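Subject: Structure handover

Hello,

Here is the structure you asked about, with the sequence alongside. My notes on it follow below.

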Amino acid sequence: MRLNQATPEQLREWETTLSEQYQAIQQAGLSLDLTRGKPSSDQLDLSNELDGILNGKYTDSAGTDLRNYGGLDGIPEAKTLFANMVGVKPEEVMIGGNGSLSLMYFSVQTALHQGVSDTDSAWSNEVQANEGQPVKFLAPVPGYDRHFSVCEHLGVELIPVAMDENGPDMDQVEQLVQADSSIKGIWCVPRFSNPTGVVYSDEVVQRIARLGKIAGPNFRVFWDNAYAVHVLKDNAQELPNLMDYCRQEGTEDSVYIFGSTSKITFAGAGVAFMASSPANLAVLKKHMGFTSIGPDKVNQLRHVAFLKDNATLSEHMSRHAAIMQPRFDAVLSSLRSELGDTDMGSWTEPEGGYFISFDSRPGLAREIIALAAGAGVKLTPAGATFPYGNDPEDKNIRLAPSFPTISEIEKAMEVFITCVKLASVKQALAQ
Ligand SMILES: Cc1ncc(COP(=O)(O)O)c(C=O)c1O
């Protein structure tokens, strides 16, 4: 079924058949959801051992009673665990609460109002000096909607930059930060990016490590390594070590690295962390001291006891992969068999992470998502993967297969594909 080779008569026949199929699906009264990347309950079950694992032992290696207040930046064992996970030194790690998004929000907010080092470095000083003109962040697109909403909420303007299979378009990124010193940050999801699944290449990571040298003052890379270990198969593409490149460039102060166990253990009761130069962490810790007397250190110790080290972590992640891979396969095999020989869309086939990114023909994402909703299948809203909800080509759709069962995915994909075909044929007829 190739639209560019079809006669008007064929298109009309296809439209009739597809409309009938769509109506039949509507009558089935489905209620399916492919929206957010939540772990399934089978995945959550993999970490049930966390409950009771401490068996009454609430002290860390230094003998501190972890049930009490204190320990603002985390226990030493947790710093070591996460330092090894993302390839930094333990003294470059600070542990947070149960979600990394709070650490990201806190870092942007602190940089804006208190500064990345002293008060002279507060981004808001520049806003004042520029008569209220906002500071800006680069947003590689398609990207993660909650990164964008942090900036939108805090009054930071977002400038989209293109992504390709190696990461952000670094020519564009370098040109923009060199030309405009009010650009203060860039959002990166460097391994198994949300939603494309892209892993940043060696060259891209090296060039990102250099940004601190060419950008205006107080620039920070927001390196959200949310899917650092979330592989779907053995030998998945590795991510080059950003901090090692920063050491070579002398730019350790220009990066904030984030991660969490939300999609390793419990999404609602995991442990989040950030990594950066000790100087940056000292600043953040000083300001964090006003928000908390100390995080949940008991949960940190439970995670250390459970995840132990990189080898144990990696075995645990392969159990996640065994649950996730068939779900990804269900999406991919239906896309390949139903749309592989058509000119109605393209998609990514990631080696890890939580998402598949689908691009329809330009101008159709909104329509496809509305059609799917009309047939009982909820998809991530159109435009969600772009700042301000504005996908200029109206074509990107994020598919999240982790939560539904395989048979639900198969049903949802049948609906999705019917909607893609119907919208595409209708558009071709209208042209
Ligand atoms: C790229 C990315 N970062 C962060 C998060 C949320 O992380 P956390 O649960 O640690 O707040 C998600 C969740 O989907 C994500 O996709």
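A residue counts as buried under 20% relative accessible area and as exposed over 50%, with partly exposed in between. Please keep in mind that this is a predicted model.

Two loop residues

Tyr-388 has 46% relative accessibility and therefore counts as partly exposed. Tyr-388 sits in the loop between β12 (377–379) and β13. Its phi is positive, about 60°, although Tyr-388 is not a glycine. Glu-131 is another residue with a positive phi that is not glycine, in this case near 50°. The loop that holds Glu-131 runs between α5 (123–129) and β3. With a relative accessibility of 77%, Glu-131 counts as exposed. As background, most residues other than glycine have a negative phi, and most peptide bonds are trans.

Cis peptide bonds

The bond from Val-141 to Pro-142 is cis, with omega near -5°. Pro-142 belongs to the loop between β3 and α6. Asn-194 and Pro-195 are also joined by a cis peptide bond, with omega about 10°. Pro-195 lies in the loop between β6 and α8 (202–214).

The ligand

Asn-194 turns up again here: an N or O atom in its side chain is 2.9 Å from an oxygen atom of the ligand. A polar side-chain atom of Ser-100 is 2.7 Å from a ligand oxygen atom, and for Ser-262 the corresponding distance is 2.6 Å. Taken alone, the ligand exposes 400 Å², and the protein buries 86% of that.

There are 13 residues around the ligand, and Ser-100, Asp-224, Tyr-227, Ser-260 and Ser-262 come nearest. By class, this shell has six nonpolar, five polar and two charged residues. Helix α4 (residues 100–113) supplies the largest share of the shell, with three residues.

The eight-stranded sheet

What is the order of the strands in the open sheet of eight? The order is β2-β9-β8-β7-β6-β3-β4-β5, and the pairing is mixed. The edge strands are β2 (93–95) and β5 (167–168), each of which pairs on one side only. As a general point, strands of a sheet pair through backbone hydrogen bonds, either parallel or antiparallel.

Within this sheet I looked at β6. Is β6 enclosed or open to the outside? Six of the six residues of β6 are buried, so the strand is largely enclosed by the rest of the structure. β6 pairs with β3 in the parallel sense over three bridges, and Phe-137 stands opposite Gly-185 of β6. β6 also pairs with β7, again in the parallel sense, over four bridges. Ile-186 stands opposite Val-221 in β7, and Trp-187 has Phe-222 of β7 as its bridge partner.

Helix α6

Which residues of α6 (residues 145–154) are buried? They are Asp-145, His-147, Phe-148, Val-150, Cys-151 and Leu-154. An α-helix has 3.6 residues a turn, so residues three or four places apart point the same way. The cover over the buried residues of α6 includes the helix α4 and the strands β3 (136–141), β4 (157–164), β6 (183–188), β7 (220–224) and β13 (396–399). After α6 comes Gly-155, which has a positive phi near 80°.

Strand β11 and its partners

Four of the five residues of β11 (residues 356–360) are buried, so this strand is largely enclosed by the rest of the structure. β10 (residues 345–347) and β11 run antiparallel and are joined by three bridges. Across that pairing, Ser-346 stands opposite Asp-359 in β11. β11 also pairs with β13, in the antiparallel sense, over four bridges. There, Phe-358 has Ile-397 of β13 as its bridge partner.

When you open the model, you could begin with Asn-194, which contacts a ligand oxygen at 2.9 Å through its side chain and is joined to Pro-195 by a cis peptide bond.

Regards

Terms used: Residues are numbered from 1 along each chain as its sequence is written. This is a predicted model: local features need pLDDT of at least 70, side-chain atom pairs count only at pLDDT 80 or more; totals for chains, interfaces and linings use all residues. Side-chain values use heavy atoms; hydrogens and water are left out. A residue is near a molecule or strand if one of its heavy atoms lies within 4 Å of it. A polar contact is a pair of N or O atoms within 3.5 Å; within protein, one must be able to donate a hydrogen and the other to accept it, and residues adjacent in sequence count only if both atoms are side-chain atoms. Accessible areas come from the Shrake-Rupley method with a 1.4 Å probe; for residues, only the protein chains shown count as cover. Ala, Val, Leu, Ile, Met, Phe, Trp, Tyr, Cys and Pro count as nonpolar, Asp, Glu, Lys and Arg as charged, and the others, Gly among them, as polar. Buried means under 20% relative accessible area, exposed over 50%, partly exposed in between (1.4 Å probe, protein chains only). Contact means heavy atoms within 4.5 Å. Two strands pair if DSSP finds at least two bridges between them.
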